[in-house]
Amino acid sequence: MSDLRVRFAPSPTGYLHIGGARTALFNYLLARQCGGTFVLRIEDTDVERSTQESVDAILQAMDWLGLDYDEGPYYQSERFDLYRSKIEQLLREGKAYKCYCSSEELDAKREAALASGGKPQYDGTCRDLSQERPDQPYVVRFRSQRDGVTAFDDAIKGHICFSNAELDDMIIQRSDGTPTYNFVVVVDDAEMGMTLVIRGDDHVNNTPRQIQIYQALGYAVPQFAHVPMILGADKKRLSKRHGATSVMAYRELGFLPEALVNYLVRLGWSHGDEEIFSKDELIAKFGIAQVGRSASVFNPDKLLWLNEHYIKTGDSQRLGALLREYLTAQGIDSHAGPDAAAVVRTLQDRSRTLVEMAEKAAFYYLSEPLYDEAAQKKFLTAAQRPLLQALREALAVCSFDATGIEGAFQQVVQQAGVKFGQLGQPARVALSGSTSAPGIQEVVQVLGRERCLQRLDQVLQRFCSAA
């Protein structure tokens, strides 16, 4: 085991989105590669917006992606006593102070600063007050350094330096007594022994403020690695307007977790020209040094291509169990029909998602196929009746395996003196409802003798009656 300790710390104010999942994945892979520790922490200090539903959704998404963690989940809402004690420490040591400025006063200060061409920073009105005001509400502000610079070496972006004059005295405790994000994240990362903080680069501007808090509390400062954001095709930050951004939405759309994991890791990280990686390969090959500094563009078509690959090469038993879930979601009872793994094997080469596979597999389980009108009118007529009747009779007596079924078709074709397609297409439509089903002999074998005969009887009676 190494000393590496990394964490994923989502806020439970919504579902786990694509950007958060990629951050979690990078932390997970590095921890597994180095024999380090991967910690899950739920940052639920925003009491009004945090929900148990969101917590459950995050945990469910982590589980679905296979990102198992070594410690946690820890909840910030259970650690308020620790945060208060650290705020009291800073107040005692003069490294924080109480600010009595009202929200109206602060708004006026910001407007005045903007009007004069300055930045809307807090002007330090209460920074050096000599007397407390016990009857007035207050927030607690961190006494930031005014001179010099705060700098750090980012594992992805390189050396980053901020002028301390640009950093105002941020609030670390609200007027209701609850601590703020930029404060608690420092306390938690330090107290939990994080050695590397991998997170989105929207946190870069928070980092110098947090470094000063580490130093004020006497904590060691961890290394930081800020991952560039993910953009949509229009080069704007990925959002709902670009399509699904929630991890579990992709599950509902029929994507496999290994496809999403494989795709997410390639958003910003590369290993030569390789595109397809198993999780074990990712653990062996992943490195922060190979994460690029520029933003990545989310490409739904590339994700779909990967998903198609994993369906095509996946284990049919596992995919069969998953297929049943999607059939159920479409209102189809899959328990009375053929073996789901056998159904999967007929559709793996022609399905890009499990939703698509379920739609194509529906005919196997319905009591009667939903017939495509154009295909029915073309292939299920009185003219095809002799061929379908002969096929029905041959299938009733043949051995019901691949060899026997092939022999039954050949027998009918030879006796009728027709080409195979002249029998195959009417049979495909009769048994599946359309012309786009898998190979007809595969369909026959998977459906089973009883269902094939039943469907042929229905078609002969309903569509192919003699004129």
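Okay, ground rules. It's a predicted model, so local features need pLDDT of at least 70 and side-chain atom pairs count only at pLDDT 80 or more, while totals for chains, interfaces and linings use all residues. Residues are numbered from 1 along each chain as its sequence is written, and side-chain values use heavy atoms, with hydrogens and water left out.

Pockets, then. By pocket I mean an open set of points on a 1 Å grid over the protein atoms alone, where a 1.4 Å probe fits and there's protein on both sides within 12 Å along at least five of seven lines; lining residues have an atom within 4 Å of a point. Points are joined across faces, edges and corners, and the volume is the space filled by probe spheres set on them.

The largest pocket comes out at about 1000 Å³. It has 38 lining residues, and His17, Gly20, Asp202, His203 and Arg237 lie nearest its centre. Who gives the largest share of that lining? Helix 1, with five residues. Strand 1 (5–8), helix 1 (18–34) and strand 9 (196–200) each put in at least two. Helices here are DSSP runs of H or I, at least four residues, and strands are runs of E, at least two, numbered from the N terminus. The lining splits into 14 nonpolar, 13 polar and eleven charged residues; Asp, Glu, Lys and Arg are the charged ones, Ala, Val, Leu, Ile, Met, Phe, Trp, Tyr, Cys and Pro the nonpolar ones, and the others, Gly among them, are polar.

The second largest pocket is about 240 Å³. Of its 14 lining residues, Glu359, Lys360, Phe363, Ser432 and Ser434 are closest to the centre. Helix 13 (residues 354–365) contributes the most, four residues.

Next, Ser351, in the loop between helix 12 (340–347) and helix 13. A polar atom of the Ser351 side chain sits 2.9 Å from the backbone oxygen of Leu347. Beyond neighbours within four places in sequence, Ser351 is in contact (heavy atoms within 4.5 Å) with Glu308, Ile311, Glu356, Met357 and Lys360.

Last, cysteines. With a disulfide taken as a pair of cysteine sulfur atoms within 2.5 Å, the count is zero. For Cys398, the nearest cysteine sulfur is that of Cys452, 9.3 Å away. Cys398 is buried at 12% relative accessibility, whereas Cys34 is partly exposed at 34%.

Definitions and conventions: Buried < 20%, exposed > 50% of the residue type's maximum accessible area, 1.4 Å probe, protein only. Polar contact = N/O pair within 3.5 Å; in protein donor to acceptor, adjacent residues only side chain to side chain.
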